[in-house]
Amino acid sequence: MPLLFLSINYLKANNSDSIYEKAEKYFNKKNYTYAALEYERLIYLTSNEVFKNQLLLKKSYCYKLDTNYQASIETLSRINFNALNIEMQDTVLYERSLSYYLLGDFKNAFYNLELININKMNHSIYLYLLTLNELERWDEAQQIFLKHIKKYDLDSSYQEIYSNINMKEKKYNVAIVLSHVVPGFGYFILGKPKEAFTSMLLNTLTGYYTVSSFIGGYYATGVIIGIPFFLRFYFGGIRNLKNIIKEKEMKRKIELNQYLKEKIIEINFILDK
């Protein structure tokens, strides 16, 4: 890269070439903490804006490889975009997106990926797909995925990896409706008989107590004790049922995204051969 050689010559003119060599040596030996310190020394010493941006990018690599993704993002934010060409801008945006993705901040990862020209930076499409999956935008990811792999001669099984993306199963809706009609019955549909019997028993006992109080003329007892306890168990059972469904959906989402991630990485590996 001619620009890099020019930058190194610039450093030599300022007696800083030994610092650059030391930084590169640390980096190549995977001693990223010391490499980052040496790159920062060079950043401080150089007034060459182009080379400074390259050093900041290299320093961000150190933090990323050291799994300090927040520090990587902060380092990338110091880069002067006005001094970058389009290709370098896309590289910085991609690295920022990747760090946000690894940090678990998928909204910011997606925002930065949207600024990249994906057609010109082909490998970023895989990170784009992974981010869309985490944002639960599977339909959109599927369309982009199918359009992308259409250009390649891949096994037909890869075209079907998004075939099972409906997260909310129909039985969950049925369970919630039944629990409103027959308290506790929805647990049976989720395969939780213990919770079902417990909920049904509590609702039956409090319901019986409330009705008996009114029949016996103990209206105050029915209103003050019976109804509040019945409603607590009734709505509490439904709320607990919804929480169980939410946990199941979250687990299914994690399993689905993990499966999609493995397949997308596998496809990326095949196409990069």
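**Reading helix packing around H6**

Me: Which way is the crossing of H4 and H6 handed?

Reply: The crossing of H4 and H6 is left-handed. Keep in mind that this is a predicted model.

Me: How do I read the angle between H4 and H6?

Reply: Start with the general idea. Angles under 35 degrees count as roughly parallel. Now the case here. Helix H4 covers residues 49-65, and helix H6 covers residues 86-103. Their axes cross at roughly 20° and come within 11 Å. H4 and H6 are therefore roughly parallel to each other.

Me: Which residues in H4 meet H6?

Reply: In H4, look for Leu 57, Tyr 61 and Lys 64. They meet a set of residues in H6, including Met 88, Thr 91, Val 92 and Glu 95. Leu 98, Ser 99 and Leu 102 of H6 also belong to this contact. Sorted by class, the contact of H4 with H6 has six nonpolar, two polar and two charged residues.

Me: At what angle do H5 and H6 pack?

Reply: Again, the general idea comes before the case. Angles over 145 degrees count as roughly antiparallel. Helix H5, residues 69-76, packs with H6 at about 155°. The axes of H5 and H6 are 9 Å apart. That angle makes H5 roughly antiparallel to H6. The crossing of H5 with H6 is left-handed.

Me: Which residues in H5 meet H6?

Reply: Tyr 69, Gln 70, Ser 72, Ile 73 and Leu 76 do. Their partners in H6 include Val 92, Glu 95, Arg 96 and Ser 99. Tyr 100, Leu 102 and Leu 103 are also in the H6 part of this contact. By class, seven residues are nonpolar, three polar and two charged.

Me: Is Ser 99 buried or exposed?

Reply: The cut-off comes first. Buried means under 20% relative accessible area. Ser 99 sits in helix H6. Its relative accessibility is 0%, so Ser 99 counts as buried. Set aside neighbours within four places in sequence, and Ser 99 is in contact with Lys 64, Tyr 69, Ser 72 and Ile 73.

Me: How many helices and strands does the protein have?

Reply: The protein has 13 helices and zero strands.

Me: What share of the residues in the protein is buried?

Reply: Buried residues make up 40% of the 273 residues. The accessible surface comes to about 16400 Å². Carbon and sulfur atoms hold 56% of that surface.

Me: What share of contacts joins residues 24 or more positions apart?

Reply: Count the contacts with a separation of 6 or more. Residues 24 or more positions apart account for 53% of them.

Terms used:
Residues numbered from 1 in each chain as written. Predicted model: local features only at pLDDT ≥ 70, side-chain atom pairs only at ≥ 80, totals over all residues. Heavy atoms only, no water. Axes fitted to C-alpha atoms, helices over the stretch in contact; angles between N-to-C directions. Helix = DSSP H or I, 4+ residues; strand = E, 2+ residues; numbered from the N terminus. Parallel < 35°, antiparallel > 145°, perpendicular 65-115°, else oblique. Left-handed = near helix turned anticlockwise from the far one by under 90°. Contact = heavy atoms within 4.5 Å. Nonpolar A, V, L, I, M, F, W, Y, C, P; charged D, E, K, R; others polar. Buried < 20%, exposed > 50% of the residue type's maximum accessible area, 1.4 Å probe, protein only. Areas by Shrake-Rupley, 256 points an atom, 1.4 Å probe, with all protein chains shown as cover.
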